[in-house]
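Could you walk me through this model in the viewer, one selection at a time? I'd like to know what to click next and what is there.

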Amino acid sequence: MRKAALILLMLLPELAFSQAAVTKVVRVRYAKANSIAALLTGGIPVTVNHDDTLQVIVLKGQSDAVASAEQTIRELDVPSNVLTSKDIEVIVSVIGASSGSDLPSGQEMPEGMAPVVKQLRAIFPYKNYQLLSSMLLRSKEGTKAESKGNMKGFGTAGNSQVPGEYTVVYDDASVSSEQGKPVIHLRKFQFFTQAWTANRVFQIGTATDVDLHEGQKTVVGKANVESNDSALFVVLTARLVN
């Protein structure tokens, strides 16, 4: 008994130390100090004070409870780079390009697509570029979107191809932030169509994952038609809808 009592007396200082009250100052970097402090109050047995000017939270209590509260603060104090779930609008523009020297009537390029065509001309040696169709898709984050449309015939006036139905689809969309600006990620975006000429039917399309900066036109695919004499380009523009 004396030996057991002696061991207990030797352990008492260590037990007292482990249960001693401590004070911890935690600096908040991203969230509001008062918002996080309000979430902690009542949930963990610690005394919580905050200072919005210094962006700090002061914790007082037993060491294990203070450590738990600090961990909760770290989990809550994160950059707001993942936006709340919103609707996403994606405009799909299909541009036809050909090596012919003349255009069918009424197929001038809209002014808004001029910068895209300028970039395409610098890379691909086609003489004519025509907007064949535009389509609007709308979905929520994490959901699939699919739609069908019809595009105009393309090529030169003497070799214009018959309009064809096309399909666009993506498995889901997600939103993140890059340097404070929204980025919309489309997983497994696909465009596919059939194009008819006098002699044959072409099965053409493109499939890819793609990241789109909000409001910026992005060329995501090129599909050759009739060898290298004609091609289709798919241009995407995305924005978030409140």
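Start by colouring by pLDDT, the predictor's confidence in each residue, from 0 to 100. The mean over the protein chain is 80, with 76% of residues at 70 or more. This is a predicted model, in which local features need pLDDT of at least 70 and side-chain atom pairs count only at pLDDT 80 or more, while totals for chains, interfaces and linings use all residues. Residues are numbered from 1 along each chain as its sequence is written, and side-chain values use heavy atoms, with hydrogens and water left out.

Stop 1: Helices (H or I, at least four residues) and strands (E, at least two) are DSSP runs, numbered from the N terminus. Where pLDDT is low, the predicted coordinates should not be read in detail.

**Stop 2: helix α2.** Now select residues 33-40, where A33, I36, A37 and L40 are buried (under 20% relative accessible area; exposed is over 50% and partly exposed in between, with a 1.4 Å probe and protein chains only). Look down the axis of α2: its buried residues fall within an arc of 100°, so they line one face of the helix. The arc is that of the directions from the helix axis to the C-beta atoms. Exposed A38 and L39 sit on the face turned away from that buried side.

**Stop 3: T53.** In the loop between β2 and β3 you will find T53, which counts as exposed because its relative accessibility is 74%. Its C-alpha atom is separated by 10.0 Å from that of K32, 21 residues apart along the chain.

**Stop 4: the cores.** A nonpolar core is a set of buried Ala, Val, Leu, Ile, Met, Phe, Trp, Tyr and Cys residues joined through side-chain atoms within 4.5 Å. The largest has 29 residues, of which V92, L186, F189 and L236 touch the most other members. Strand β12 (residues 230-241) gives this core its largest share, five residues. A second, separate core has 15 residues, including V28, I36, V46 and V66.

**Last stop: E89.** Finish in strand β4 (residues 87-98), where E89 is found. Its relative accessibility is 11%, so E89 counts as buried.
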